[in-house]
Amino acid sequence: MRGWIFKVVITWMTLGTVQGVFAQDIEAGRKKAEVCVACHGQNGNSKVTQFPILAGQTSRYLYLQLKDFKEGRRIEPATEPFIKNLSREDMFDLSAFFAAQKPVSNGFTPDPAKVARGRAKADETLCTMCHLGGFLGQNEIPRVAGQHYEYTVKQMRNFKTGKRTNDAGNMASVAKTLSDRDIEDLAHYLSSLY
């Protein structure tokens with residue numbers, strides 16, 4: 001019995017140490033994110049509308065996107081030089097840092113008629129089933145509330161055309177049902193949420 005307890009304690013301690021190696025470190029992520037500021041803004045609040053706001057994004061989603069960029073499942077030439085040498089630990093740390101930041105207003109002035117149509121389309125296509133109420137995201141589903149209009153339109157179009165495929169097919173199947181007007185309306189609606 002005593003030998004069994006000793007093995008359990010040693011195994012637990014070893015697992016704790018191994019898991020600790022890959023623990024998310026927000027402060028380490030803060031330092032590593034210094035190179036991200038040019039495109040993604042201070043604390044992940046991008047002012048450049050072609051680049052996503054990372055502040056407040058779900059940590060799991062951020063990690064998976066970094067991994068997909070690194071492994072070539074998602075392509076964006078501007079990110080490649082910054083991501084290609086990231087370790088798994090770097091990706092965990094960056095994800096933790098950006099997830100812990102508070103998003104600020106994107107400064108977008110939405111068209112009220114498009115917002116209303118976008119809200120109706122979001123209800124019709126059941127967007128909150130994955131993105132949750134308030135569009136705050138969950139696990140590997142991104143926060144899309146308050147995201148830049150231009151970035152949102154680009155991503156929905158990329159899913160619709162098959163240029164972006166690094167999901168389980170859910171966004172692609174929804175995006176294929178959307179007209180260009182639907183995409184613009186949804187982007188106005190999502191960008192208006194804060």
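## Aromatic pairs and cysteines

At a relative accessibility of 16%, Tyr149 counts as buried. The model in which this residue is described is a predicted one.

**Aromatic pairs.** Across the whole structure, a search finds 4 aromatic pairs. One of them joins Tyr63 and Phe92, whose ring centres are 4.5 Å apart and whose planes meet at 10°, so this pair is stacked. Tyr63 lies in helix H4 (residues 59–70) and Phe92 in helix H6 (residues 88–100), so that distant parts of the chain, 29 residues apart, are linked. Tyr63 is buried, at a relative accessible area of 9%, and Phe92 is also buried, at 14% relative accessibility.

Phe108 and Tyr149 likewise form a stacked pair, because their ring centres are 5.1 Å apart and their planes are at 5°. This pair also links distant parts of the chain, 41 residues apart: Phe108 is in the loop between H6 and helix H7 (112–124), while Tyr149 belongs to helix H9 (residues 149–161). Phe108 is partly exposed, with a relative accessible area of 24%.

| Stacked pair | Distance of centres | Angle of planes |
|---|---|---|
| Tyr63 and Phe92 | 4.5 Å | 10° |
| Phe108 and Tyr149 | 5.1 Å | 5° |

**Cysteines.** The count of disulfides comes to 0. For Cys36, the closest cysteine sulfur is that of Cys39, at 8.6 Å, which is too far for a bond, since a disulfide requires sulfur atoms within 2.5 Å. Cys36 is buried, with a relative accessible area of 17%. Cys127 is in no disulfide either, the nearest cysteine sulfur being that of Cys130, 8.5 Å away. Cys127 is buried, with a relative accessible area of 17%.

Conventions. Residues are numbered from 1 along each chain as its sequence is written. This is a predicted model: local features need pLDDT of at least 70, side-chain atom pairs count only at pLDDT 80 or more; totals for chains, interfaces and linings use all residues. Side-chain values use heavy atoms; hydrogens and water are left out. Rings of Phe, Tyr and Trp (its six-membered ring) pair if their centres lie within 6.5 Å; planes under 30 degrees apart count as stacked, over 60 as edge-to-face and the rest as tilted. Helices (H or I, at least four residues) and strands (E, at least two) are DSSP runs, numbered from the N terminus. Buried means under 20% relative accessible area, exposed over 50%, partly exposed in between (1.4 Å probe, protein chains only).
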